[in-house]
Amino acid sequence: MAGDLANVVAFPNLLRDCRRGRRLSQLDLAVEAEVSQRHLSFLESGRARPSREMVLQLAQALDLPLRERNRLLQSAGYAGVFPQRKLETVDMGPVRQALERLIRHHEPYPAVVVDRAWNLFMVNESVGRVFGLLGDLDEIYKRVCGDGPRNVLKLTFHPQGLQPYIANFAEIGSQLLARTAREALEHPEVQAVLDEVLSYPGIPARWRVQEVHPLPLPVLPTEFRVGPVSLKLFSMLTTFGTPQDITTDELRVESFYPADAASEALLRQLGGPR
């Protein structure tokens with residue numbers, strides 16, 4: 001009985017939060033989910049209890065990540081349907097091999113595999129060569145992340161990480177944190193990392209809001225500068241198209257590309273003969 005009463009409150013609140021987080025009206029969601037606005041209103045007020053199929057239908061219409069679809073199901077009193085396998089398991093072999101092949105073929109440019117909270121899973125050899133210009137990466141990660149998971153967002157913003165080497169940090173930082181703040185609406189783990197990063201010295205909380213400035217380039221590159229060496233990189237994110245597992249849904253490849261000819265030449269020089 002106590003569980004049923006909790007679900008009466010939990011599901012309507014979570015559904016409403018998910019809808020508002022996407023800036024959808026009840027009518028917008030009702031049309032997308034192909035249900036009546038009246039029925040949706042009853043679900044959000046707790047006057048009606050959803051079926052398992054209705055929860056999945058609403059989650060699909062909201063385009064929720066798989067982890068959040070499980071959470072929405074559980075809030076309504078149903079078991080989650082999407083598994084979460086470790087990347088090292090046999091079932092994840094094809095996924096792991098695809099990721100390894102993708103980042104290996106990206107040489108001599110850097111590429112990393114991270115989850116949505118920016119925890120590091122894989123890197124190609126170029127990452128060590130390029131970012132090794134800044135010092136011993138193992139030591140840098142130790143200073144930034146301690147004994148916890150290696151985290152690329154923390155590495156980027158920490159004053160003992162990459163921050164001192166990013167020449168255009170004010171531009172990059174505000175945009176990256178604004179994007180992370182949007183993702184944090186759906187991922188508590190992302191919110192925890194964001195809160196920690198915002199506590200670093202010199203990081204203003206207003207960076208949660210993206211400030212758009214006209215630029216002459218189609219993307220905003222990050223400029224790393226170590227002494228006389230300058231390296232400008234922009235990145236592209238790759239995700240799986242039809243994930244049915246939480247781990248697969250949350251993994252993404254960040255591939256870095258040179259933003260100018262000098263950076264291209266430097267990356268190829270560091271990569272050696274091919």
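V90 sits in the loop between α5 (66-75) and α6. Helices (H or I, at least four residues) and strands (E, at least two) are DSSP runs, numbered from the N terminus. V90 is exposed, with a relative accessible area of 77%. Exposed means over 50% relative accessible area, buried under 20%, and partly exposed in between (1.4 Å probe, protein chains only). From V90 to R208 the C-alpha to C-alpha distance is 39 Å, across 118 residues of sequence.

The model is predicted: local features need pLDDT of at least 70, side-chain atom pairs count only at pLDDT 80 or more, and totals for chains, interfaces and linings use all residues. Residues are numbered from 1 along each chain as its sequence is written, and side-chain values use heavy atoms, without hydrogens and water.

Five strands form an open sheet in the order β2-β1-β5-β4-β3, with antiparallel pairing. Strands pair if DSSP finds at least two bridges between them. β2 (120-123) and β3 (222-226) are the edge strands; each has a single partner, so one side of each lacks a neighbour in the sheet. From one strand to the next, the twist averages 30°. β3 pairs with β4 (residues 229-239) in the antiparallel sense over 5 bridges. F224 has L231 in β4 as its bridge partner.

Helix α6 (residues 93-105) lies across β1 (111-114), β2, β4 and β5 (252-258). α6 runs at about 50° to β2. Axes are lines fitted to C-alpha atoms, for helices over the stretch in contact; angles run from 0 to 180 degrees between N-to-C directions. Contact means heavy atoms within 4.5 Å.

The largest nonpolar core has 39 residues. Such a core is a set of buried Ala, Val, Leu, Ile, Met, Phe, Trp, Tyr and Cys residues joined through side-chain atoms within 4.5 Å. F131, F157, L177 and I203 have the most contacts inside the core. Elements that each supply at least two of its residues include β1, α10 (169-184), β4 and α13 (261-271). F157 touches F169, L177, I203 and W207, among others, not counting residues up to four places away in sequence. Another core, of 21 residues, lies apart; among its members are C18, L29, V55 and L58.

The axes of α2 (residues 26-33) and α4 (residues 52-62) come within 9 Å and cross at roughly 110°. α2 is therefore roughly perpendicular to α4, a class that spans 65 to 115 degrees. L29, E32 and A33 in α2 meet Q57, L58, A61 and L62 in α4.

Key:
Parallel < 35°, antiparallel > 145°, perpendicular 65-115°, else oblique.
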